[in-house]
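My notes follow in the order I made them.

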Amino acid sequence: MKTFVIALLSGVLAAAAVSAATVTNKDGETAVLVVVEGESRMEVAIDAGATEMICPSGCFVTTPSGDRIGLQGDENVEIVNGSAIVK
Amino acid sequence: MISHAFASFRRLSYSNRIVTTARGDSASGAWFGLLRVLKLHFVGKLLAVSVCLLSLAGAGAVVAQDAQPAQTTTQPAQTPAQAPAQSNNQPAQNGAQPAQGGAPAQNVQPAADDGKAQPAPNAQQPAGGAAQPAQNAPTPVQDAAQSNDATIAADAGQSQTAEQLANAGKELKRLRDLIAKASDDDIALAELKVQVDAVGKQIISTSIATRPRLDEIKARLTELGDPPGEGQPPEADIVTAERKRLLAERGEINALTGEAESLSVQATKLSNGITATRRALFSNTLLKNTDVSIEMFDEALSATANETKVLSRSTMSWLTFVWNYKRIPLLTAIFLSICAAMVFLVGSNKLFSPYIHHDKSDEEPSYFRRLSVAFWSTLIPTISTGAFAVSSFFFLHSFNVLRSDITPIIAIALAVTVVGFFVTTLANAVLSPWDSRWRLVRVSDRGAKVLLITIFAMALVNGLDYMFGGVSEALGSPVVLTVVKSFIASVVIGLIIIASAWIKPTLKRDEPFDAPGRPWPRIVSIGLMLTGASLIIAAASGYVGLSRFIATQIIITGAILVMMYIGFLTGKAVSRQGAFAETLAGRYLERRFKLEQVGLDQVGLMAGLGIYALVILFFIPLILLQWGFQVADIESWTYRAVTEIKIGTITISLMGIMAGVLFFVLGYIVTRWVQRWIDGNVMARSRVDAGVRNSIRTGIGYIGVGLAGLIGVSAAGIDLSNLALVAGALSLGVGFGLQNIVSNFVSGLILLVERPFKVGDWIVSGTTEGFVKRISVRATEIETFQHQSIMMPNSLLINASVGNWTHRNKLGRSEIAVTVTYASDPRRIMDLLAEIAGAHPMVLKNPSPTVGFTAFGEERMTFELRIYVADVLTGGGVRNDLRVAIYERFRDEGIGAPFPLKIEDVPIEDQTGIESHEPETVGEPKGATSAEARAAAPKKEAASAAPLDEESEEEGGKRRASSRRSNPNR
């Protein structure tokens, strides 16, 4: 029982980290996102198939398709055909 | 920024209500925001449903479109007017998105002024020139109606979002105005920053609420496909109309999100602006340089005279007014204040008298006792004085006795009194100048008295400085007056500190307390002189604010630090081994709960940790407030510390983890409770077999703990998909190291389900034989007949053959061998034996006992009486009874009577060589092993060697040896 509990707890601790929003580009070409976070506006280029972590605490993203979406900071986003799919 | 206890107290007293309501507003605002977001989600769901209905209804029209090549790539001109002005200043974007076959619409289209989506018709048109097909497809009326419905619902959603954003914009504007007004009020700025941040969060969540609808639109657009190109058959009218509408809506949502984006940027700018303003405010207040000159003093002198006049006039006028028109309220307020003071004084004396009073009879109080008395005798009177001050202010205020110009003066006078009382009481408790036994620091009697006077003088000067400063502020006197007062106070405090360098308080290790004392160590006296000198120099060179700040910190922060130190020492002393048992609480616990030494020690450790926690929780915020941080700052820090700790891009939520652990513990407790309930109520009443009960209980335990773990993990906000990584790593580890453990665990589960044996069974596996005591996760506990516990890994019990004497039932056969001489009649012997067996109450009638004539010996015949008993564990006792009965019966019947009495118990292999004419019981030949006999042993009270109930010890040993020989497996 003890072993079990310890194993469980260590698993919990190991997985206790919640990360920022991850963006994965599923397209065949580089996607350029405009990320507005806080006061700054920056462009983030994500290579085909690459994954990036953006905005840990809420931001707005303009996708290559021209759509704008707000992100809370804990989402998983996929770029498919230039537009974002939030999981 | 330098708001000290005085200032905060004063503001607390009369602006608290405003602050609370403001905070209440923001809280309720957040709450309504949440409701709105929820409602929005709901609206989004409704939209989704209506769109689904629509697409189902219009399926016929869509099918034709599906045949077109599904080009889900970006429609270049789909984004109509993008509202925010800043969309213009993105020059890089044009170049950055070359692959999209054209820049997004916000670059193509200059920003619309009003920010609302003006579906620019040109942009809406598909790129292909022949996009407008012949519109002759029949349009079903209900389709159109539904599409209208969907549009209306969507419009409602968007207009709601727009409304929320407009509200947020207004709120931001209002906050900006407030910030502009409160640009020199640090407390208000701190509060406003919290509100601005909340608005920023709300803006983001508002825009997130539009995401589902955008996804729906995109999905539907993909379904509709691109407009037909040139030469392709024209599409239905309704499809074109729907696409147009969807594109327009998409543009509208994008415009709204753009608006949210710009609002969010504004909010962040505002929030950062507040931080910058507060920083500037702090450095301005602290590092403001004033020109110290003779004119200044002249000016101050005349201002003082003026102020004294104003003060006396306003005080007198207030008193006259109150006395003439508000006599009853004033007297009531004073009476209630005195009552409150009495209650606090008497109450704290009664409740805490052993903790705050020096026990005169105690000749040599222990260090811990001295510490705790010092700590509590400072804390409790200070708290009760503070409570008295607050309550009397409250009474005066609520009876409308105070006038707006008098209120701040009274408030600051009360606050200064409380703080001065705290510092003096603390110094008195630590130094205990009139009773050396209770002194915490080793200083001489004289030194203690002088130190106390010094500290009191510094506190008095500093307090008066703040009090007069408050009076000047309340009466609107010139700033120069406050500056001069602070200048004088700083210089006086500096001089006192320098003077204190010449006190001679220290003692040598063996000197008595009434010795004259020695000077400070050189480093201390130099430090004191330097500090005092720097205060004076700072004040003289114009940095009066800084000087005053340092003087206050030396007194107040110093006092708080001393208090903390005493608190920590108390915690340390309590958690020392055996110390807690000496305390009152320890003695009470010992009496009340009959706690042992170890238990008391553990409680003491917990108490020590608790004191540490209390000290930190109470005094750290106090010091931070001292240093000019605001309550709002501390609140937001604490909130952030418990909800999100950011390390790089990883966020850890302490609250989440604690909630997870809490849920796990709750789940665990519930599991235990359910286990006990099912076991004790349901199963015990239905007479379920003990083994089954054990299996079910253990199974419930595993399931419950597993579920509790899952719930805990979810409550901790941990994405279980993250655990997959851990599981992957674990499975690799299982492959190598944990293989045995896991195999045993799984075997244990199989044992519980399949139940080849259960708790209480008598089993034999390999060389181990005994009763099963417990089936646990890894191993099964078997207790041998000698009461030796053997932990047998579960996998062994699954893989090897296990013999179980009590598997289906406890029925067992037992044999007794009897030999007689050839002089006897075998039939008579068999009848006799059957009769004797049949007469025993514990021998089963069915299957009935049988007697076999098993062998012709050289001198004797061998018979075997085979009996069945209901419980194999009683076999030994029954055999014993039968042997006695056989012996007595044969003796009475005269069987073998002429022969000399020679009783010898021999193993069955050796019996042929031994002459005996008496009936002889022989060790169990085959079935009943010695183990069976030993099994009977636990049933007897005697803890002696097992076989003794049948044979003498020596014979038993022999028999064991023989049965070992007869059973090669053993």
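**A residue with positive phi**

I began with R755(B) and counted neighbours. R755(B) has 17 C-beta neighbours inside 10 Å, so it counts as partly exposed. This is a predicted model, and I read each entry with that in mind. Next I looked up the backbone. Phi of R755(B) is near 50 degrees, a positive value in a residue other than glycine. Where does R755(B) sit? I found R755(B) in the loop between helix 24 (739-754) and strand 3 (762-765) of chain B.

**Another loop**

I then turned to S432(B). S432(B) is not a glycine, yet its phi is positive, at about 40 degrees. The loop that holds S432(B) runs between helix 13 (407-431) and helix 14 (445-475) of chain B. Is S432(B) buried or exposed? I counted 23 C-beta neighbours inside 10 Å, so S432(B) is buried. The cut-off for buried is 20 or more.

**A cis peptide bond**

I checked omega next. The peptide bond that joins N846(B) and P847(B) is cis, with omega about 0 degrees. P847(B) belongs to the loop between helix 26 (826-839) and strand 9 (850-856) of chain B.

**Two helices side by side**

I looked up helix 16 (residues 522-540) and helix 17 (residues 544-575) of chain B. Their axes come within 7 Å and cross at roughly 155 degrees. That angle makes helix 16 of chain B roughly antiparallel to helix 17 of chain B, because angles over 145 degrees count as roughly antiparallel. I noted the hand of the crossing of these two helices as left-handed.

Which residues make the contact? From helix 16 of chain B I listed L535(B), A538(B) and A539(B). From helix 17 of chain B I listed V544(B), L546(B), S547(B), I550(B) and A551(B). I sorted the residues of this contact by type: seven are nonpolar, one is polar and none is charged.

**An arginine in a helix**

My next stop was R369(B). I placed R369(B) in helix 12 (residues 367-398) of chain B. R369(B) has 19 other C-beta atoms within 10 Å, so R369(B) is partly exposed. I also looked up the spacing to H358(B). R369(B) and H358(B) are eleven residues apart in sequence. From C-alpha to C-alpha, R369(B) and H358(B) are 9.8 Å apart in space.

**Chain A**

I left chain B for a while. How many helices and strands are there in chain A? I counted one helix and nine strands in chain A. Along the sequence of chain A, the pattern reads α-β-β-β-β-β-β-β-β-β. Chain A has 87 residues, and 41% of them are buried. I then looked at contacts in chain A with a separation of 6 or more. Of these, 44% are between residues 24 or more positions apart.

**Confidence**

The model scores ipTM 0.80 and pTM 0.53. For chain B, the average pLDDT is 75, and 75% of the residues score at least 70. In chain B, the pLDDT is below 50 over residues 1-145, a stretch with 233 contacts in the model beyond near neighbours in sequence. The pLDDT is also below 50 over residues 910-970 of chain B. That stretch, residues 910-970 of chain B, has 109 contacts in the model beyond near neighbours in sequence.

Definitions and conventions
Residues are numbered from 1 along each chain as its sequence is written. Chains are lettered from A and ligands numbered from 1 in the order in which they are written. This is a predicted model: local features need pLDDT of at least 70, side-chain atom pairs count only at pLDDT 80 or more; totals for chains, interfaces and linings use all residues. pLDDT is the predictor's confidence in each residue, from 0 to 100. Two residues are in contact if their C-beta atoms, placed from the backbone, lie within 7 Å. Axes are lines fitted to C-alpha atoms, for helices over the stretch in contact, and angles run from 0 to 180 degrees between N-to-C directions. Helices (H or I, at least four residues) and strands (E, at least two) are DSSP runs, numbered from the N terminus. Angles under 35 degrees count as roughly parallel, over 145 as roughly antiparallel, 65 to 115 as roughly perpendicular and the rest as oblique. A crossing is left-handed if the near helix is turned anticlockwise from the far one by less than a right angle, and right-handed if clockwise. Ala, Val, Leu, Ile, Met, Phe, Trp, Tyr, Cys and Pro count as nonpolar, Asp, Glu, Lys and Arg as charged, and the others, Gly among them, as polar. A residue is buried if 20 or more other C-beta atoms lie within 10 Å of its own, exposed if 12 or fewer, and partly exposed in between; C-beta atoms are placed from the backbone.
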